[in-house]
Amino acid sequence: MKTKNESRNLSRREFIKKSSLTALGVSLLNTIPGTMKGALLTNSSNQKSKVVLVRHLNVVTAGGEIKMEILESMLEIAITNLNGEKSSSTFWEKLFLPRDSIGLKINTLGLAGISGTPATSHFQAITSSIINSITKTGIKEDNFIIWDRSEEELISAGFSIQSEIGKTRVLGNVASRGGSGGVGYSSKELKVGERTTHLSKILTDMCSSIINIPLMKDHGIAGVTGALKNHYGSINNAREFHGNNATNPGIPEINLLEGIRRKQKLIIMDALMGVFNGGPRWDRKFMWPYGGIIIGTDPVAVDTVMLSIMNEKRKIEGLSEISESNAKHIRISKEMGIGTNNLDEIDLVKIELG
């Protein structure tokens with residue numbers, strides 16, 4: 001089969017449209033050097049933030065189910081293109097130690113309208129594909145914790161709460177939104193601007209590393225809810241951090257918390273299904289099967305790619321773009337040194353399959 005490779009700097013208008021590969025067989029592209037085992041993968045000051053976007057036309061069925069064989073192939077291709085490893089196992093062995101407890105931080109907010117339907121199948125599909133890939137290295141399934149803000153919301157995404165040792169655990173910070181129960185939050189009070197917060201005990205006490213698994217959704221206050229905003233599910237008082245488009249203080253400051261920055265090793269965005277309007281709620285009339293995953297180590301760069309995709313979709317649907325002033329947390333996060341939203345500093349590799 002023919003393979004077309006293209007990886008170059010683009011204008012904002014061309015950013016998503018023209019940075020692409022089209023094939024079922026994909027060659028390795030530019031690489032990010034490997035790091036010490038168990039260390040966070042980052043770019044040095046003279047390197048670009050690499051983001052890999054993989055799409056497959058047939059990974060989501062007409063009914064909303066996910067074809068696992070295709071998704072697992074997409075994940076393998078994305079990982080090997082992220083830093084040029086020959087296999088995902090080599091990548092995972094550099095990223096995690098056999099004893100690591102790996103948290104998979106997902107986002108199950110706003111599913112009441114589609115709970116119990118195939119439209120939520122991508123939540124379990126993405127976590128299963130990641131676990132299946134990593135366990136090939138010998139890391140056991142009981143090393144993983146799938147977690148989010150509440151048990152209630154996890155159940156709405158099709159998960160069953162599971163706290164038994166010896167199996168993959170599925171845990172919530174609380175039992176229900178705004179309720180008690182669950183694992184709870186650390187007693188350590190952390191300063192965030194003029195406010196304070198507490199991190200989830202799942203993050204502070206139970207996970208040595210985390211993979212951030214955000215979604216591709218718009219948000220009425222923050223513009224988008226991607227990799228950066230996903231950590232509002234890691235704190236006990238997210239509602240207090242929504243002023244000034246979630247920046248007063250807000251998303252950037254939360255992502256600067258040492259407990260988050262130190263443990264976050266990778267972002268794998270679930271872009272299999274997206275919400276282009278009306279978010280963060282999932283409304284069928286605003287959902288679309290994008291059929292993608294977006295991988296990187298820079299949450300600002302990942303969210304910048306996502307914002308471009310969202311705005312392309314909104315343009316097609318006759319909606320106004322999500323402005324940079326609305327999604328200002330992305331720019332402010334760049335200014336605070338969390339990552340980059342400068343297109344000249346992002347090495348985007350887009351791979352289209354099927």
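A residue counts as buried when its relative accessible area is under 20%. Phe-91, at 2%, is therefore buried. Please keep in mind that the model is predicted.

Let us start with helix H3, which spans residues 88-95 and has Ser-88, Ser-89, Phe-91, Trp-92 and Leu-95 as buried residues. Why do they lie on the same side of H3? They cover an arc of only 160° around the axis, which puts them together on that side. Among the elements that cover these buried residues are helix H2 (68-83), helix H4 (121-134), strand E8 (209-212) and strand E11 (264-275).

The angle between H2 and H3 is about 60°, and their axes are 9 Å apart. The crossing of H2 past H3 is left-handed. On the H2 side, Glu-76, Ile-79, Thr-80, Leu-82 and Asn-83 make the contact, while H3 contributes Ser-88, Phe-91 and Trp-92.

**Aromatic rings**

How many aromatic pairs are there? The count comes to six.

| Pair | Centre to centre | Angle between planes |
|---|---|---|
| Phe-91 and Trp-92 | 5.2 Å | 75° |
| Phe-123 and Trp-282 | 6.1 Å | 65° |

Both pairs can be followed up residue by residue. Trp-92 has a relative accessibility of 0%, so it counts as buried. For the pair of Phe-123 and Trp-282, the ring planes stand at 65°, so the pair is edge-to-face. This pair links distant parts of the chain, 159 residues apart: Phe-123 belongs to helix H4, and Trp-282 to the loop between E11 and strand E12 (287-288). Phe-123 is buried at 2% relative accessibility, and Trp-282 is buried at 4%.

One aromatic cluster is formed by Phe-276, Phe-286, Trp-288 and Tyr-290. Two of its rings also meet a charge. Over the ring of Tyr-290 sits the charged end of Arg-55, 3.8 Å from the ring centre. Over the ring of Phe-276 sits the charged end of Lys-313, 5.3 Å from the ring centre.

Where is Ile-221? Ile-221 is placed in the loop between strand E9 (215-219) and strand E10 (223-224). Its relative accessible area is 34%, so Ile-221 is partly exposed. Leaving aside residues up to four places away in sequence, Ile-221 touches His-242, Asn-245, Ala-246 and Asn-326. Ile-221 and Ala-246 are 25 residues apart in sequence, and their C-alpha atoms are 7.0 Å apart in space.

Ala-246 is found in helix H7. Is Ala-246 buried or exposed? With 0% relative accessibility, Ala-246 counts as buried. Although Ala-246 is not a glycine, its phi is positive, at about 65°. Asn-244 is found in helix H7 too, and its phi is near 50°, again a positive value in a residue other than glycine. Asn-244 is partly exposed, with a relative accessible area of 42%.

**Cis peptide bonds**

Finally, a look at the backbone. Asn-248 and Pro-249 are joined by a cis peptide bond with omega of about -15°. Pro-249 lies in the loop between helix H7 (243-246) and helix H8 (251-255). Another cis peptide bond runs from Gly-279 to Pro-280, with omega near 15°. Pro-280 lies in the loop between E11 and E12, and that loop also holds Trp-282.

Terms used. Residues are numbered from 1 along each chain as its sequence is written. This is a predicted model: local features need pLDDT of at least 70, side-chain atom pairs count only at pLDDT 80 or more; totals for chains, interfaces and linings use all residues. Side-chain values use heavy atoms; hydrogens and water are left out. Buried means under 20% relative accessible area, exposed over 50%, partly exposed in between (1.4 Å probe, protein chains only). Helices (H or I, at least four residues) and strands (E, at least two) are DSSP runs, numbered from the N terminus. The arc is that of the directions from the helix axis to the C-beta atoms. Contact means heavy atoms within 4.5 Å. Rings of Phe, Tyr and Trp (its six-membered ring) pair if their centres lie within 6.5 Å; planes under 30 degrees apart count as stacked, over 60 as edge-to-face and the rest as tilted. A charge sits over a ring if NZ of Lys or CZ of Arg is within 6 Å of the ring centre and within 35 degrees of the ring normal. Axes are lines fitted to C-alpha atoms, for helices over the stretch in contact, and angles run from 0 to 180 degrees between N-to-C directions. A crossing is left-handed if the near helix is turned anticlockwise from the far one by less than a right angle, and right-handed if clockwise.
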